[in-house]
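Please look over the chain shown below. The paragraphs after it go from the surface to the fold, and then to single residues.

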Amino acid sequence: MMIDPQRILRGGGEANLNILLEEAGVRRPFLLCGKSFRYLPCAAWRIAASPRFDGVRPNPDTESLGQAIAAFRASGCDGLVAVGGGSA
């Protein structure tokens with residue numbers, strides 16, 4: 001079952017992310033992002049050390065989606081954090 005409460009928190013950055021991960025029971029998050037992630041302020045957060053798929057392209061196609069799913073499944077992670085614009 002997938003729960004998607006569409007909860008949006010503004011400000012607080014990493015602290016808010018950590019709260020959401022804890023509330024969801026995520027102990028090993030997987031990061032879904034584009035190559036530009038390393039330029040974002042959140043690149044210094046704890047999440048940046050997580051396993052990741054950074055091959056998200058603008059207007060993702062089924063090939064890149066399949067690659068992201070395979071990377072997530074192989075990672076052993078128990079949650080997913082998407083960072084970036086609409087593509088991620």
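The accessible surface of the protein chain comes to about 6,200 Å², and carbon and sulfur atoms hold 55% of that area. Of the chain's 88 residues, 28% count as buried.

The model is predicted, with a mean pLDDT of 81 for the protein chain. A score of at least 70 is reached by 83% of the residues. Helix H1, residues 14-24, has the lowest confidence, with a mean of 84, while helix H2, residues 62-75, has the highest, at 93. Where pLDDT is low, the predicted coordinates should not be read in detail.

The protein chain contains 2 helices and 3 strands. Read from the N terminus, their order is α-β-β-α-β. The 3 strands make up an open sheet, arranged S2-S1-S3, with parallel pairing. Strand S2 (52-53) and strand S3 (79-82) are the edge strands, each pairing on one side only. Strand S1, residues 29-32, runs parallel to S3 and is joined to S3 by 4 bridges. Within this pairing, Phe 30 is opposite Leu 80 of S3. How much of the contact pattern links residues 24 or more positions apart? Such pairs account for 56% of the contacts with a separation of 6 or more.

Next come the nonpolar residues of the interior. In soluble globular proteins, nonpolar side chains tend to be buried together. Here the largest nonpolar core has 11 residues. Leu 17, Leu 21, Val 26 and Leu 31 are among them, and the set also includes Cys 33, Phe 37, Cys 42, Ile 47, Ala 48, Val 81 and Val 83. Another core, of 6 residues, lies apart from this one and includes Phe 30, Leu 32, Ala 68 and Cys 77.

Is Cys 42 buried or exposed? Its relative accessible area is 11%, under the 20% limit, so Cys 42 counts as buried. Not counting residues up to four places away in sequence, Cys 42 touches Phe 37, Ile 47, Ala 48 and Val 83. Cys 42 and Gly 13 are 29 residues apart in sequence, yet their C-alpha atoms are 7.9 Å apart in space.

The loop between S1 and S2 also holds Lys 35. A search of the whole structure finds 1 salt bridge, which Asp 54 forms with Lys 35. The closest N and O atoms of the pair are 3.2 Å apart. With a relative accessible area of 26%, Asp 54 is partly exposed.

Ser 64 belongs to helix H2. This serine is buried, with a relative accessible area of 3%. Which residues does Ser 64 contact, leaving aside its neighbours within four places in sequence? They are Phe 53, Gly 55 and Arg 57. Phe 53 falls in strand S2 (52-53), one of the edge strands.

Definitions and conventions
Residues numbered from 1 in each chain as written. Predicted model: local features only at pLDDT ≥ 70, side-chain atom pairs only at ≥ 80, totals over all residues. Heavy atoms only, no water. Buried < 20%, exposed > 50% of the residue type's maximum accessible area, 1.4 Å probe, protein only. Contact = heavy atoms within 4.5 Å. Areas by Shrake-Rupley, 256 points an atom, 1.4 Å probe, with all protein chains shown as cover. pLDDT = per-residue confidence, 0-100. Pairing = 2+ DSSP bridges. Core = buried A, V, L, I, M, F, W, Y, C linked by side-chain atoms within 4.5 Å. Salt bridge = Lys/Arg side-chain N within 4 Å of Asp/Glu carboxyl O.
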